[in-house]
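Let's take a look inside this protein and see what packs against what. Have the sequence and the 3D view ready.

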Amino acid sequence: MTGPMPDPFADQPDWAPRPPRPMAIVPATERVELRGRRVLVGLPGLGWRGDLRADDRVVQGARTYVPVIPEHEWYRAEADQVEVFAPLVPVERVWVETVGSRSGSEGTRETGIRLVSLDGPAHRTPTPVFEADAVTGRRVVHVEGGLEHRHLRAVTETYSGAEGDICVRITPEVEWYRWAWRGQSPTTLEVPVHLLWIE
């Protein structure tokens with residue numbers, strides 16, 4: 001044989017799953033459902049805080065507020081049906097995470113320094129887990145059969161699985177947080193890294 005070795009994936013350009021849709025961040029002042037949604041709070045030009053969940057808007061006098069709860073407290077309140085303290089944040093200081101749409105430049109990712117506007121919070125495009133330096137505790141998206149499974153956390157770093165795949169163990173977020181407030185070990189699922197993205 002004198003020619004170059006054939007590419008085994010030349011006929012299968014889509015052998016790996018498509019990346020998940022990115023998160024889009026919209027102001028809570030828009031008509032968007034808030035209860036249970038992930039939100040960021042802050043001020044343009046100052047900074048943003050995440051890992052929060054919102055409840056329905058509250059109107060007091062002429063002002064609209066959003067009850068904002070740390071994510072672990074929101075899960076505890078929902079799972080154990082208990083009341084938790086939720087500070088009221090002016091609606092104009094709250095931004096909501098929504099699942100965005102696929103962009104035309106889906107296969108390309110920015111590398112290096114990425115400049116953003118300070119007018120609103122920015123969110124990165126999904127990063128393949130095999131490109132991440134650390135994954136334990138991070139929000140991940142499991143893409144399988146074209147479906148996006150969200151609200152998951154990685155509970156391990158990458159390792160060699162029983163079948164020889166490079167894998168990460170994941171768990172539903174409610175179990176991730178239950179592990180913290182009850183000490184109850186989560187049920188986990190071993191997933192090959194080519195099916196996982198950091199959200």
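Valine 94 touches Pro27, Ala28, Val39, Leu40, Val41, Val66, Val68 and Val89, leaving aside residues up to four places away in sequence. Contact here means heavy atoms within 4.5 Å.

Val94 is also among the residues with the most contacts inside the largest nonpolar core, which has 14 residues. Such a core is a set of buried Ala, Val, Leu, Ile, Met, Phe, Trp, Tyr and Cys residues joined through side-chain atoms within 4.5 Å; buried means under 20% relative accessible area, exposed over 50% and partly exposed in between, with a 1.4 Å probe and protein chains only. Strand 2 (38-43), strand 3 (47-54), strand 5 (63-70) and strand 7 (94-99) each supply at least two residues of this core. Strands are DSSP runs (E, at least two residues), numbered from the N terminus. Apart from this core lies another, of 12 residues, including Val129, Val140, Ala154 and Val191.

## Histidine 142

Now hop over to strand 9 (residues 139-144), where you'll find histidine 142. Is histidine 142 buried or exposed? Histidine 142 is buried, with a relative accessible area of 6%. Its contacts, not counting residues up to four places away in sequence, include Leu147, Glu148, Ile170 and Val191.

## About the model

This is a predicted model, so local features need pLDDT of at least 70 and side-chain atom pairs count only at pLDDT 80 or more, while totals for chains, interfaces and linings use all residues. Residues are numbered from 1 along each chain as its sequence is written, and side-chain values use heavy atoms, with hydrogens and water left out.

Conventions
Helix = DSSP H or I, 4+ residues; strand = E, 2+ residues; numbered from the N terminus.
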